[in-house]
Amino acid sequence: MGQYKLKVALTALVVAVAASGVFLMGAASGERSKEPVSSYAPVVIKENFAAIMERMKGEKPKVMARQMELLNKRYDLSDRKAKDVTMTKGKPVQEGVRAKLPAGITWEQLGALSPEDIKAKGLWPAGFLPLPHPNHPEGGMLFPKFHIEEIKKQEGRDLTRFDLDFDFPDHFLPEFPPPVFLTTRPDLGDVSQGKLITMMNYYDLFNGVLNPKQLEGLRLLVTPFPQQQFNQTEDRRSELPSRGVTCFECHANGHTNASTHLVGDIRPQEFRHRLDTPTLRGVNIQRLFGSQRALKSVEDFTEFEQRAAYFDGDPVIATKKGVNILERGSQVHFMAEFQALLDFPPAPKLNIYGKLDPKKATENEMRGQEIFFGKAQCAACHPAPYYTDNSMHNLRTERFFKPQMVNGRMANQDGPIKTFPLRGIKDSPPYLHDGRLLTLEDTVEFFNLVQGLNLNAQEKQDLVAFLRTL
């Protein structure tokens, strides 16, 4: 009897450990190991670098083909530009719902069903499921080709990964390089002068515009420091030893280029969320930082990113690869002060209260505003003038689908996510915290289902028209 109780206790312990979220990343490929589970990545890499690179280069075509097959199955990836609608500098905005529906049903029919019916019948659009990283078991920072080429041109620094390419087509990404607007000098308009801000030009662009403290903060934001995939050890994903990445590698010009990564604060690996880089515009009016971490200041976010997010939340690996420890009283403060100067892009149709000026707006934009603050209940989380409540909300999307493994990503619950500001939203595709929604039309359809709004086709079009004015 005693042996039976011991066996039961040991079984319960194993189950508890498995449920606690600990994991073990593979030494080279990130695959699950047969060794005891752990929250830590392996410190000692037992495979030599040349062998790792050769193997992963060989696997790359298969890995990318699998991801592109998934994207094409989920979405219409064609280049369909909206007529006379552009981002701030003129890049066309993509239009239309791109998430594909299950066969034999329309969006209107789907919207009439309960979450329970959608889940039971397996009708939740695949494009609305959590989106996996291009290689989810491996993860890591991954940059669009246009950013890689510009950094290589300006600095001779190569951000190419030998194991992966970026997955979304360029026409779904923000304009590049994005304009920069400062709260302190709105009279200057785009202070980037149409350039990507780097170590090579930041001083010439901002000397005389920023004070010395802010200028030093900007320098640190464009200075490369070691990171999980880009460092000087054998455990990297760049062919040559790398100086690392900068804050503005993902937050290009203080905005975003839609670079992706996996959040560092979740275990095991298959439960980690893909991250769509959010803009830093409007940091000064935000009170929560990190999509789910709820850090309470931009100083916290700035300091912890290089200590943790750069290294998948693993301080042991960070030490090995050369973590950059920022000094709080000067470096962190200077970097945060510059970020707090980044303004939203101009919205000429909005008045000082963040609402539409009836003399400038079209009829469908005005109708869209009424829907936004009324039937669609968008303002419950996104009130004017900045269209955020500085809080977190759980949409409980798991009501609509059964847990499932997709390309190494366990699609289940999203959990509470911070309310991102909607000001300038047309400049920041794709949407939602993991980039699963390619257009504003996709976003409206998603929230129409999640909230059970029963919007008709005209109401959806009007709501999109309003969002484009923000």
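Colleague: What is the relative accessible area of Glu 216?
Modeller: Glu 216 has a relative accessible area of 27%, so this residue is partly exposed. By definition, buried means under 20% relative accessible area, exposed means over 50%, and partly exposed lies in between, with a 1.4 Å probe and protein chains only. Please note that this is a predicted model, in which local features need pLDDT of at least 70 and side-chain atom pairs count only at pLDDT 80 or more, while totals for chains, interfaces and linings use all residues. Residues are numbered from 1 along each chain as its sequence is written, and side-chain values use heavy atoms, with hydrogens and water left out.

Colleague: Which residue does Glu 216 meet in a salt bridge?
Modeller: The partner is Arg 219, at 2.7 Å from N to O. A salt bridge here is a side-chain nitrogen of Lys or Arg within 4 Å of a carboxyl oxygen of Asp or Glu. Arg 219 is partly exposed, at 25% relative accessibility.

Colleague: Where do Glu 216 and Arg 219 lie?
Modeller: Both are in helix α7 (residues 212–221), three residues apart, which is about one turn of the helix. Helices (H or I, at least four residues) and strands (E, at least two) are DSSP runs, numbered from the N terminus.

Colleague: How many salt bridges are found in the whole structure?
Modeller: A search of the whole structure gives 32. One of them joins Arg 55 and Glu 47, whose closest N and O atoms are 3.0 Å apart. Arg 55 is partly exposed at 26%, and Glu 47 is partly exposed at 27%. Another pairs Asp 79 with Lys 81, the closest N and O atoms being 3.0 Å apart.

Colleague: Changing topic, which residues form the nonpolar patch on the surface?
Modeller: Tyr 40, Val 43, Val 44 and Val 316 form it, with about 360 Å² of accessible area together. Patches are made of residues with over 30% relative accessible area and no salt bridge; like charges are joined within 9 Å and nonpolar side chains (Val, Leu, Ile, Met, Phe, Trp, Tyr) within 5 Å. Accessible areas come from the Shrake-Rupley method with a 1.4 Å probe, and for residues only the protein chains shown count as cover.

Colleague: And Val 44, buried or exposed?
Modeller: Val 44 is exposed, at 60% relative accessible area. Val 44 sits in the loop between α1 (2–19) and α2 (49–74).

Colleague: Which residues have a positive phi without being glycine?
Modeller: Asp 84 has a phi of about 60°, and Tyr 387 has one near 65°. Most residues other than glycine have a negative phi, and most peptide bonds are trans.

Colleague: Where are Asp 84 and Tyr 387 placed?
Modeller: Asp 84 lies in strand β1 (residues 81–86) and is exposed at 72%. Tyr 387 lies in the loop between α11 (363–373) and β5 (392–393), and counts as buried at 0% relative accessibility.
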